[in-house]
Protein chains: 2
Amino acid sequence: MALIVMKFGGTSVGDVERIQNVAKRVKAEFDAGNQVAVVVSAMSGVTNQLVDYVTSIAPLYDTREYDVVVSSGEQVTSGLLALALQTLGVSARSWQGWQLPVNTDSAHGKARIVGIEGEKILERMARGEVAVVPGFQGVGADGRVTTLGRGGSDTSAVALAAALHADRCDIYTDVDGVYTTDPRIVSKARKLNKITFEEMLELASVGAKVLQTRSVEVAMKHGVRLQVRSSFSDEPGTLVVNEDEIVEQELISGIAYSRDEAKITLLGVADHPGIAAKIFGPLAEASINVDMIVQNVSEDGKSTDLTFTVTKADLTRAVETVKKHMAELGYRELKSDSNVAKVSVIGVGMRSHAGIAQRMFQALADKGINIQVISTSEIKVSVLIAEEYTELALRSLHTAYGLDAED
Amino acid sequence: MALIVMKFGGTSVGDVERIQNVAKRVKAEFDAGNQVAVVVSAMSGVTNQLVDYVTSIAPLYDTREYDVVVSSGEQVTSGLLALALQTLGVSARSWQGWQLPVNTDSAHGKARIVGIEGEKILERMARGEVAVVPGFQGVGADGRVTTLGRGGSDTSAVALAAALHADRCDIYTDVDGVYTTDPRIVSKARKLNKITFEEMLELASVGAKVLQTRSVEVAMKHGVRLQVRSSFSDEPGTLVVNEDEIVEQELISGIAYSRDEAKITLLGVADHPGIAAKIFGPLAEASINVDMIVQNVSEDGKSTDLTFTVTKADLTRAVETVKKHMAELGYRELKSDSNVAKVSVIGVGMRSHAGIAQRMFQALADKGINIQVISTSEIKVSVLIAEEYTELALRSLHTAYGLDAED
């Protein structure tokens, strides 16, 4: 017997029939003798509709009232799932964020969970009742409803699993696990049985949107065993675990990509201390996230070239912001390019193995793919390439690192 | 300066634009120097959608989870109206039922308000903040969300007005007041400037669906000055007040009708004590409301005829229920007729004036309309007639009681 937290996303609870299917899955875990708490998202499309209402009434909205409006979607699903479980003969009740409570800070619209009081539902679960908890919502120190930001239901589930000391937290989604790379592009992509928290974090941060980044951070901090699996099949998914649980570690676990990058290059930037701060200060003030940054060694000791990337959505604002400070920055020319993609190889194995990055550069060179920018972390190497080479790069690297599935 | 509670129904907040219009109306009262609390319904159509979800998942639903689901509609509107007010520069915040709190009993799905704690919003209102309160919802002694039953937002508004000792409670709806009769049928119908609580109650109970019955009861009990007026025009509406506030009382205030009646006649019922209980007991057990009841004097002292009415929706079940008990009831024949309508004349003036009923019977006789059943209360006379005479009866009575508007 185990204590399990199950989380179902918007697609999995998209209509009445799917909610009834979710109830059957929950009943199966319950009938197997487990204690079960379920975290649910809003029915797909509902949150977008509610956000539309808010922004069409108040483009610059009070986030406290935004939270009142958008948290209602999860409330509805939690009641409906409790009803669907009862119909199957499973004792169940819904617990709203303010009822448990799920305590958060008061950063409305993007609140962080500070603690969940699990005593009441633990007691009920021990007596055979399934707890249904709306994801994404909590209650702030001000006594008002808060939400965690988009995708926050994953974090709700992991935080609940931590509070209940759950044996497992299963995230049911519309994919059946974490893959070595995007299977829509690389037909030989393999589903991973296990992956480490660190790798999962890097994958999430480079655009493999299987789990919300914050949820992985919370799981890693509290040692919650996460499983990503499909709502629509019974196959086991991918376990996200501590590194020491993975006996035979692959060098590379996955290859991720993001087409959401744009590159800005400043030519002839004065090469003296403080220049980087002068450039990136205004961008930070404008809430523009800068991802990769490369500064070449200055040849003449007087001026240098600087390249950095932002998201495609921020490109126009980023260019405007930099141009506004042209005089003080003293650069000669600004070039921008949104026809780029970022490709990353990720693996905890690279900590102890040399030559990982070299294998990447060689594989890309063999295909004639030019590397524009390189950045590295302890377990990741990312390169910026021309966007049209994305698929070719993914397939080549997948083969080069020996990740291809056997036929 | 006054303290006003304004209530807007589902049609009045049916879309973003209408919510913005409501905000303008609220701002006008606020700018006139009043303290304002607003009670809102769900956007029209939303509650029906939510009820559909519930009943399609669980036809015999847990009313506690039903309340979790359906209360979300008003929650959304309250947040959106607060945002719309802020956009107009009016300080505003929403207060959910559990936040004030609006305390109710635990009869989920049809809860009754036992008290509203108004201190927090009174303090904020005194400082110039508008309080926006979702109607229809509260919190039970069990700490769970409750709802008051369909139309309950009127009652929320009146109960809030009572708790805040408001000077007035304005119910904004899609009609511009209470009329002497249905203006769609009688073109000479007049809008009433004032009507008594008692008359309003009788009007509501015979199908003039302007205000929820329960809201009028609460207003009468607490002496809340109610006004029914249109969301879509600036004309004054109808004040619902105590009898002593109406100086020149008309004999008859209004003429109401209901086509939602069906008649059942039992011929040859044994005429002995306890027979009525035997008939109406099983109907009550089946939750079938019986409205009018007439028993003729027995001619032979052995058997009599009994006629009663139920709603059209209950007719089939009522007939089945009675037939199931035919043996013990010992009647000879059962006749049913759904081709009937109930017409009622209502007025507190009839307490002190004789001949009111006689004038009704004469007016109907003059038009050759046969009266099938008669029932009376202190301030109401109702008759059952064939449905096709409804319009003719309304027009004739409207003229007979001198209610016609002058040209």
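Visitor: How far apart do the C-alpha centres of domain 1 of chain A and domain 2 of chain A lie?

Guide: In this predicted model, the C-alpha centres of those two domains of chain A are 38 Å apart. Domain 1 covers 3-174 and domain 2 covers 255-400 in the domain assignment of chain A.

Visitor: Now the place where the chains touch. How many residues does the contact take from each chain?

Guide: A general idea to start with: interface size is often given as the accessible area lost when the parts come together. Here we can look at residues instead: chain A gives 29 residues to the contact, and chain B gives 29 residues. On the side of chain B that touches chain A, helix 1 (16-31), helix 2 (46-57), helix 3 (63-70) and helix 4 (72-87) of chain B each give two or more residues. Helix 4 of chain B has the largest share, 11 residues. Sorted by class, this side of chain B holds 16 nonpolar, 11 polar and two charged residues.

Visitor: And the backbone? Which peptide bond of chain A is cis?

Guide: The one from Leu100(A) to Pro101(A), with omega near -10 degrees. Pro101(A) sits in the loop between strand 3 (92-94) and strand 4 (102-104) of chain A. In chain B, a cis peptide bond joins Leu100(B) and Pro101(B), with omega about -10 degrees.

Visitor: Is Phe136(A) buried or exposed?

Guide: Buried, because Phe136(A) has 29 C-beta neighbours inside 10 Å, and the cut-off for buried is 20 or more. Phe136(A) also has a positive phi of about 80 degrees, although it is not a glycine. His165(A), another non-glycine residue with positive phi, near 50 degrees, is exposed, with 12 other C-beta atoms within 10 Å.

Technical notes:
Residues numbered from 1 in each chain as written. Chains lettered and ligands numbered in written order. Predicted model: local features only at pLDDT ≥ 70, side-chain atom pairs only at ≥ 80, totals over all residues. Contact = placed C-beta atoms within 7 Å. Helix = DSSP H or I, 4+ residues; strand = E, 2+ residues; numbered from the N terminus. Nonpolar A, V, L, I, M, F, W, Y, C, P; charged D, E, K, R; others polar. Domains from an automatic or database assignment.
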